[in-house]
Every structure is written in structure tokens, then in C-alpha cells.
Number of protein chains: 2
Amino acid sequence: MGGSIDRAETAYDASTPVGRHAELLRRLDGRIDRKAMLAGDDVGDGYRGDATDERGERPLIVFRPSSATEVSAILAECNRLGQPVVVQGGRTGLAGGARPRAGEVSLSLERMTNLSAVDGDTATVVAEAGVTLQSVQEAAASRGLLFGVDIGARGTSTVGGNAATNAGGIRVLRYGMYRSQVLGLEAVLADGSILTSLKGLPKDNSGFDLNQIFVGSEGALGVVTRACLRLHPAPRSQANAFCGLPSLAAAVALLKHLRAALGPSLSAFEVIFPNVYDGVLSLTGAQPPVAASAGMYALVEMQGQDEARDQECFSEALMACYQSGIVTDVAVSGSLREYHAIWKLREAASEFIFSMDHVSGFDVSLPLSNMQAFLDSADGEIAAADPDAAIYIFGHLGDGNLHFLVRTHHHERIADIVLAVVIRSNGAISAEHGIGLDKKKWLPLCRSAAEMRAMRRLKTAFDPNNILNPGRVFDMPSPVASERA
Amino acid sequence: MGGSIDRAETAYDASTPVGRHAELLRRLDGRIDRKAMLAGDDVGDGYRGDATDERGERPLIVFRPSSATEVSAILAECNRLGQPVVVQGGRTGLAGGARPRAGEVSLSLERMTNLSAVDGDTATVVAEAGVTLQSVQEAAASRGLLFGVDIGARGTSTVGGNAATNAGGIRVLRYGMYRSQVLGLEAVLADGSILTSLKGLPKDNSGFDLNQIFVGSEGALGVVTRACLRLHPAPRSQANAFCGLPSLAAAVALLKHLRAALGPSLSAFEVIFPNVYDGVLSLTGAQPPVAASAGMYALVEMQGQDEARDQECFSEALMACYQSGIVTDVAVSGSLREYHAIWKLREAASEFIFSMDHVSGFDVSLPLSNMQAFLDSADGEIAAADPDAAIYIFGHLGDGNLHFLVRTHHHERIADIVLAVVIRSNGAISAEHGIGLDKKKWLPLCRSAAEMRAMRRLKTAFDPNNILNPGRVFDMPSPVASERA
């Protein structure tokens, strides 16, 4: 360990990227499947980016290992050579974490797609890093169980990236973040150490829970290669409703009422602001479930086990809010078709945003009690900075999480404004998307100097040569050795 | 930082414990409230131990700070002097983590008892480390909310210790471990750095989640001084039942059936083995809720939001299991009095165990599918080693967690046997009690060399001089500096 790099075995000139890559391949020769590597023109454009518009450098090599042992061999040699590595999963991130930088090789987990049989007794499944979220969901469903996380990128995003970024989505209110689904991980450290903790025990206080360190680490502390995931009983009844409300305050009141009335059966609580609802209706041509004249829209979902009674309970709770004026208009799904149609509206909110150019996206969370004040301040300051800017908002109100989008030609300035107001409002500058490359400028504004130092200590402890996703989340002082003085 | 200890300002001979303590007091003079310190004969016997029978050394000084700033000053000076510190909360631990060792000073959080007002909108409360679990529960209840963790030591154990040991208890099945309740922490590192993360946002992926590192760290990585805790809607209906069953396999089948039928409304699932049930009945003289002739006993609890229907649902689910023969006898609570009487039986199981001498306690968890085989092996091997040994079992079957107790005069030998069988069965040697001093001998048997190294890296990163709860969980090589070579 330490900041120094072992160059004893170097046959090529490892001080240049090209020489280092050649040396890396020489050292790995015979230890990993060469057919599973891509280099030069074989590296497709997909490896240059994530779900953002920006494209990074083309990695000189893409390693596509099929086992933790191969991952270990690759990382150990990269570590010895000081070779920076970008870790790639489904590349659906929105913060640039998987976007390659100059000189990096890519470690793509795409070929690690084994999924164990679901264990029905313990309600768990073990999945390799490259398994898609949707495959996990489907495996659970095939055994009468449910996986608690759902996000739009379910068909492409993968277990490794979901765990490494602590994915959120629409059912955090009920099932928690991805962290809550992780009963165990296998992760490979920069030096090639393989940490395997896949017993899947819901209670295990036998020493430090190292898994927690990798969840949400954005690949900067280790590479997740497998996960043991918690599954839940599948709901026996499910319904949703689309509501028109006078205001955000009414939506917060509705949330509070439904939480108390439905407890854990309240499984999602989303909001769509009026201009996004208008946009969705004109984009999709869908029949509006409620009139487009409200001050706020909410999508609420119930999942329960009592088929005989759940739907009635759900409707009663909504009707009580209608009678008290919290809700001014409500459409409850009466069939599976209506249920899906309502969710489709919510998913179309993202499509509507992606249909526009020059949109700066912010994924923020706020204490519910500060949310209106945040919106008022942000609105005022954005208008002052760019009178032509338009604000579009939707998101997971149940978790205090808004996707706050601004159509503007002044991205940096607007970002500085929005995130400063978030921080002043005691909010989070990234609720679920992470920091990656694109938000790291603002991280020191919302985390204390002591926290930044503690994060760097952690980085140094697990990746002393700074080879794993370097420059993501935060920069390390260079050379690394100075951090240890 | 680093392994060396700054002795520049030393006026007393800090190479002896007495000189070091005097020097420590000199340096802290005027910076912390001297009245809040205990020394010499003022240090009561309570500070010598935890809830186990063993007593440790009497600490020469007990620091009782009233703020994170005071904690910071104390730790910073202890760190400079290389003064080992035992961190004490409610001292209800069962693994010796808070039992002082020779030369240690105690840092007791007992005076940090501030509890914020409950925030009803966000359903959170902020509590200082010394607040009891019961105070948190009561604060939540006073606002129509519920705190998800409950353990027998609720009146004495405290927030700091609960967080540092990732407390478990009877409702993990429904609400998760203590970790799941922690939305934020304030923790002080060995060098005095204060990490404050108390926004209480359910979704926050803005950089590494440092809180996770301290939960379950047993005070070895930092001292928890405050926590922002998640609260849940209070259940509107609640019932429990006591069941007689033919076997453990039937109890597992009942668990599976109830999880599917009740989903998150199943809030507790406990088992009591026959000889413990007999002991409880004769200890308490209680009227047996079900005849004492079954092969296994289970206590199950439901918490729901639908007063009109929950009790019926719960009874229906149990009756289905009675009709299919999974359950052979069942008493469902029909009143609050009966509800409490049933819980009292479960709590009496601990009292029954404590009423006996020479009982070695193991707090283990196992995959449900391996549990019977574990019991069979343990039974056989214990009988072979000590024909007079008697085994008593009860615990949280819903979490795969058994309190496995052996009455024997051969503690060490039995411990080696039981924990070896646990490890062979892919179980955890400590489900909820932690490792502390008393289980550390077995930790390297259930965690890989790579995991042990990673835990030590973490310790070195956050407590390079090894002053915080040293020797708990695992030993560090001495001197610490050699770890960094």
C-alpha cells in the first residue's frame, strides 16, 4: 500500500498511457479471456458515456470480465501500474460517473449476468453485477415476490450500478433505497482483494458491515461484482389514483393523510407540476384523468395484501381528502389498464423533458417544510438571472425528492443558483443520481470540510493509488501520498 | 496524523497511565465542565461493566460531556496522548464492548439527553446520544407516530449505543434494524473532528453516506453524539397471538404463510422452544395461553391501519394455518390486556434465562433453510462435549435470529462448538449483540482475511492511534504504525 507505484516488472514504458496499456495487457495475458476485451476501433461509442448528452473519451481498452477473479486480476495490475479505471454498468447514470476520462480503461460488468434461483424461504436472490434491474424484478415476480426498487431505466441499468449509486426511484417511500435491498455484496477493491459477504442474513452484527461502504460509493471505493438482494411478498392488490390539488401545500397534506391512513400500503407518491402535466398531455395525446386546471397533480399508489378490502380503504382515504378540499379532483384506477395508463402519464413526464433542448436537470431533495420556500426563492433568482428560463418540476414528493429542470442557455449560472438555494434550504444537491463528475463542483458547498476529509480518508484507505473512478464525487490531492502526511 | 504520538506539550510523565491522566486533565482544564467528570472513588461500580456478569477495571476518569464540542476536546487530547477511551452509553450491551480495560478512561454520553420536538411533517426526531430508547418511543407516540425499534433494555439503553451497535429487537421484520431508522448522525472522530449530518432527508446521494460507517461500528470508528431518527405512522390496530406448533419446520411454514398473507402488517415473529416455555410458566405462574404440550411455540404480531378489518384478516390467516395443521393451538389476543400478557410471556423468557447460573449465551442468526440442521449438529456436539449441558432457545425467528443458551460449566469449549457449527451453517456468530470483547476470538473464523484487513484499514483511516474502544471487535497490530507499512 501507499502512494508509490510498483514499476519493477514494467517491460513497456508505463509512463505514457499507450505504454501502460500495452504493459497491462502483457501482464494480464493468459489470466483473463482476451476475447472478452475490446480495444481500439472495437470500442463502441456506447462506452463513451451515460444517459446524459455528454460524451467522454473513448477508452483505449474495455475489459469485460466474467468473474470476480478476473475483476481482481485486472484491478490488481491496474493498481500496480497506477492505471485509472472507469467502472461501467448499464451506463444509465445522470451524473457522468461512468463517462470515461482521458487515459482511463473501462471495466464493464456487462458480461456478469448470472442470476441465482430465488430462495423463496428467505426471500432473497443473488445477482451478478451485470444483471438488469428488470431481470431481478421478473425473477422475484416469478416466485410470488417483489423487488422493492423501480426506476425508469429498469431494462438497462444493472445491479452493480444500482448498488454503487444507491438507486432510488418510485417506491422508496415503501421499500427504501437500494441500500435497504442489499443483504450482502461481493466487491473487489483496487488492490484486487475480493470481499465476499453473500450470506443474506437480515441480522448480522458480526463485525463492521463493509457492504454499506460500497453502496452509494459511485465505484470510487470498490467494484461491486455480486449482490444478495432482499425480496418482499408480492402485493395481492394494487391500485393508483391521479389527483388534482390546489397547491403543493395540499399535496404535502395529502401525503401526510395517506401515510397515516394507509401506513406501509402507501407505496408511491409522485407529483407533477402544472406545466409538465400540460406538456405530457400534448406530447402523448392522452385522455386527461383529471382536468388540466389544478394547481398541482399527484399520483398515489397503494399496494396491499387484503384483496377484499384494500381498494375500498384506498378510495375512502382519497374521498376523505376530497371532502376536506385537500384534493379537488381524483381518478382512481378501476382496472389494470387504468392503473398502467396512470403510471404511463408519470413516465411521460421524463419523455416530455427529454423532448426539449437546453434543459439543465437537478435532482434535489428538501425537507417538506422548506419546499415551498425553496421553490419561491429558486423561481425568483432564476427569473432574475435569465428572464427566458422556464422551470419544469416533477418527482417523488413522498421522499421530498424533486426533479427540478430548467430550460436555459445559461447552464452553469443557473446550476450555481439552484444548488445554492437547495443548500440554503437544508436540502440535498443530489437525491438519487449521485455526484459523479457533473455535480462535484458543488459537493464541498453542502458537505463540511470535516466530512470531505473523512470521505478522502475512506478513499485513501480503500484505493490509495486513486485508480477507481478517479475524479468522481471529489478530487484527490495529487500525488496521493501527500494526503497521508 | 499517523502512528506517532505528539508529546510536545506534555508536562506530566505521559508514559504511565497516572501521569497521562493527570496530563489529560491539565490540558482539558477550563475547556470542559470539571463537575461533569468523575475520578477515583467517585467512579461508581456501574461504570465497570455492561449487562453481562463480568466486570472490568474501574476507569480512572469518567468524562461526562454535555456537547459534541466537549466530546471533541476530550477525544482530541486523548488522541494526542495516545490515551485509550472506552465509550459508554446505557451499558446494556451483551458483548463487553463498554467494559473498561486497564488504563482506559471512560467517555460516558449519559448527560447528553436533549431530544428535539418531533417533526410531524417529515416524521423525524433528533436525539442526543444519551436519550433512552424508551424516550424516543414515547416522543414518537405522543405525536401519533411510532419508532420502529424495540428491545428489552428500552428503558436504559440509549440512542448512541443503539446506533453504534445497530440494535435489533422484536420488530426488525417490519421496520428493519436500527440502521434503517438512522436518517443522519453526528459523530466525533478520534482526532476530534465533528461530522454532522442531521438534515434528515430520506433520499440523499450527495457524496458518501458516512453515517453508515458508524452504525454497528461498536464505538471503534467514532463516537455517535446525535441522531436524526425516522419515525413511522402509528398503527391504528394491533394484535398478537400465541401459537403451539408441532415443530420448527412448522414455525418456518407459518412465517412464510403470514408474510405472504399480511405483508408489512406482520410486525413480529418470535419463537420459544418447549423447555423455555415450561420455564416461563413455572417462573411467572402465568395462565398458559396454549397447552404446554407442543413441539414449538410462536408469538406473532400484526400492526395495521385498517381498524375495521385488520383483526379479522389476522385471525383468518392464523385459522387457515390451524386448518392446514401448521398450527395446532392458537390464542389470539382479544383485548389490550391479553395483548400485553402475551408479550409478557416472551419477555419472561429472558428473565427465566437470567434466573439460572452458568448460562453461556449466543446470539446467532442462520438461513432459515439451515436452521434445523444447525440445531441437530449443535445438539449432538454439545451433548458429546458436556452430557450435563442443557440448551434453551428463544428468539426472533422472523429474522432467522435465535438466542441460543447453554447451561454448562464448560463455557469456552461450548462456545467453540456452538460458534463453529454456526459458521459451518453459513450463519452469523452475532446477529444483534455485536462482537465487543467477548466474541472477537471467533470473528476471524466467520470473516475472511480480506474482510479483516478491510476492517482494519477502516479503523486505521478513522482512528489511526487506536484510542477508541481499542481491542473491541478485533485487535490492531501494535504499534499501529506497522499497519501502515
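A polar contact, as the term is used here, is a pair of N or O atoms within 3.5 Å, where within protein one atom must be able to donate a hydrogen and the other to accept it, and where residues adjacent in sequence count only if both atoms are side-chain atoms. By that rule, 44 residue pairs are in polar contact between chain A and chain B, with both residues at pLDDT 80 or more. The model is predicted, and for that reason local features need pLDDT of at least 70 and side-chain atom pairs count only at pLDDT 80 or more, while totals for chains, interfaces and linings use all residues. Residues are numbered from 1 along each chain as its sequence is written, chains are lettered from A and ligands numbered from 1 in the order in which they are written, and side-chain values use heavy atoms, with hydrogens and water left out.

The contact between the chains (heavy atoms within 4.5 Å) takes 87 residues from chain A and 88 residues from chain B. The size of an interface is often given as the accessible area lost when the parts come together. Here chain A and chain B bury about 7000 Å² between them, 55% of it on carbon and sulfur atoms, where buried area is the accessible area (1.4 Å probe) that two parts lose on being put together, summed over both.

One of the pairs joins A:Asp191 to B:Arg457, with the closest N and O atoms 2.4 Å apart. A salt bridge also links A:Arg457 with B:Asp191 (2.4 Å, N to O). That pair runs from helix H15 of chain A, which holds A:Arg457, to the loop between strand S7 (182-188) and strand S8 (194-197) of chain B, which holds B:Asp191; helices (H or I, at least four residues) and strands (E, at least two) are DSSP runs, numbered from the N terminus.

Among the elements that give two or more residues to the side of chain A that touches chain B are helix H8 (248-262), helix H14 (443-446) and helix H15 (449-462) of chain A. H15(A) gives the most to that side, with nine residues.

Within chain A, an automatic or database assignment sets the domain bounds, giving domain 1 (17-108), domain 2 (124-233), domain 3 (237-353) and domain 4 (356-431). The C-alpha centres of domain 1 and domain 2 of chain A lie 22 Å apart, and 13 residues of domain 1 are in contact with 15 residues of domain 2. About 990 Å² is buried between domain 1 and domain 2 of chain A, of which carbon and sulfur atoms give 70%. A:Ala68, A:Leu75 and A:Thr92 supply 37% of the area that domain 1 buries against domain 2, more than any other three residues. Between these two domains of chain A the count of salt bridges is zero, and two residue pairs are in polar contact, both residues at pLDDT 80 or more. Helix H2 (residues 68-81) of chain A provides the largest share of the side of domain 1 that touches domain 2, seven residues.

Conventions:
Salt bridge = Lys/Arg side-chain N within 4 Å of Asp/Glu carboxyl O.
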